[in-house]
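Subject: Model for your files

Hello,

Here is the structure I said I would pass on. My notes on it follow below.

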Amino acid sequence: MNKKMMIGTVCLGLLLAGCTSNNKSLENQAQTSNSSIKQTTPTDSGTIASDSTKTSQIKVTVDEAIKAYEAAYPNTAVTSLDLDPSFGIYYYEIKGVDDSKEYEVKIHAETGELTKDREETLDQDEQNGVEKKNEALDLTKLKILDEASKIAQDTVGEGTAIEWSLERDLSITYWEVKVQAGKKEVSVKINAQTGDVLEQELDD
């Protein structure tokens, strides 16, 4: 009788131990599953590129872009240079003339790849050096992009330079720099040689 009770007690103990072991095993599986879920939860990486990130794409300097244009069209004069993003990618657009034609190229600001964009004959009254004399930029001792940007940003008092144009008005070659300051855009015209601020205008 005692032996039967002992055997019954041992069996009951083993049964309970098995249940406890199974419970622990289930708990471990649940913890592993939860841990796995936490590890595979996607993080929020959908951030929008800032203006400074976009301008970091600009690897080609103004001087390098001008030299690339002049290599493509020697014996011409540069009449305008624009640097702005097209579909989020920065390109230089450079125009120039000789005595009879106008030329335009696009240069990828990160890779330096040049594309001949346009070539057309000047109007009769612009030929024989007339357009070249009236529109040719003074490319000597130009303020570099960083200098022009800093002057424009300091003038506005905040924001980031996002677009640049090198143009001529009468005898003055100037940088026109567009500064993004919050929701507003301000254009600042700067003498390209001296760095003097010529004009500041809030864009519509």
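**Core**

The largest nonpolar core holds 35 residues, and those with the most contacts inside it are Y92, I94, W164, W175 and V177. A nonpolar core here is a set of buried Ala, Val, Leu, Ile, Met, Phe, Trp, Tyr and Cys residues joined through side-chain atoms within 4.5 Å; buried means under 20% relative accessible area, exposed over 50%, and partly exposed in between, with a 1.4 Å probe and protein chains only. Two or more residues of this core come from each of α3, β1, β2, β3, α5, β5, β6 and β7. Helices (H or I, at least four residues) and strands (E, at least two) are DSSP runs, numbered from the N terminus. In soluble globular proteins, nonpolar side chains tend to be buried together.

The model is predicted, so local features need pLDDT of at least 70 and side-chain atom pairs count only at pLDDT 80 or more, while totals for chains, interfaces and linings use all residues. Residues are numbered from 1 along each chain as its sequence is written, and side-chain values use heavy atoms, with hydrogens and water left out.

**Sheet**

An open sheet is formed by 8 strands in the order β4-β3-β2-β1-β5-β6-β7-β8, with antiparallel pairing. Two strands pair if DSSP finds at least two bridges between them. The edges are β4 (114–121) and β8 (197–202); each has a single partner strand, so one side of each is left without a neighbour in the sheet. From one strand to the next the twist averages 20°. Axes are lines fitted to C-alpha atoms, for helices over the stretch in contact, and angles run from 0 to 180 degrees between N-to-C directions.

Some of the pairings in detail:

- β1 and β5 pair in the antiparallel sense over 3 bridges; D82 has S165 in β5 as its bridge partner.
- β5 (residues 160–169) and β6 (residues 172–181) run antiparallel and are joined by 9 bridges. W164 has V177 as its bridge partner in β6, and A161 has V179. The two strands form a hairpin with 2 residues between them, and L170 in the turn has a positive phi of about 60°.
- β7 and β8 run antiparallel, joined by 5 bridges, and V188 stands opposite Q200 in β8. Their hairpin has 5 residues between the strands, among which G195 takes a positive phi near 85°.

Contact means heavy atoms within 4.5 Å. A65 is found in α3 and is buried, at a relative accessible area of 1%. Not counting residues up to four places away in sequence, A65 touches V60, Y92, I94 and I107. A65 and G112 are 47 residues apart in sequence, with 7.5 Å between their C-alpha atoms.

Helix α5 (residues 145–156) lies across β1, β2, β5, β6, β7 (184–191) and β8, running at about 60° to β6. V156 lies in this helix and is buried, with a relative accessible area of 17%. Leaving aside neighbours within four places in sequence, V156 is in contact with V179, A181, V186, V188 and Q200. The C-alpha atoms of V156 and V188 are separated by 8.1 Å, and the two residues are 32 apart along the chain.

**Rings and charges**

There are 3 aromatic pairs in the structure. Rings of Phe, Tyr and Trp (its six-membered ring) pair if their centres lie within 6.5 Å; planes under 30 degrees apart count as stacked, over 60 as edge-to-face and the rest as tilted. Y90 and W164 have ring centres 6.1 Å apart and planes at 50°, so this pair is tilted. The pair links distant parts of the chain, with Y90 in strand β2 and W164 in strand β5, 74 residues apart. Y90 is buried at 2% relative accessibility, and W164 is buried at 4%. Ring pairs also link Y69, Y73 and Y103 into a cluster.

The charged end of K116 sits over the ring of Y73, 5.0 Å from its centre. K106 lies over the face of Y91, at 4.9 Å from the ring centre. A charge sits over a ring if NZ of Lys or CZ of Arg is within 6 Å of the ring centre and within 35 degrees of the ring normal.

Regards
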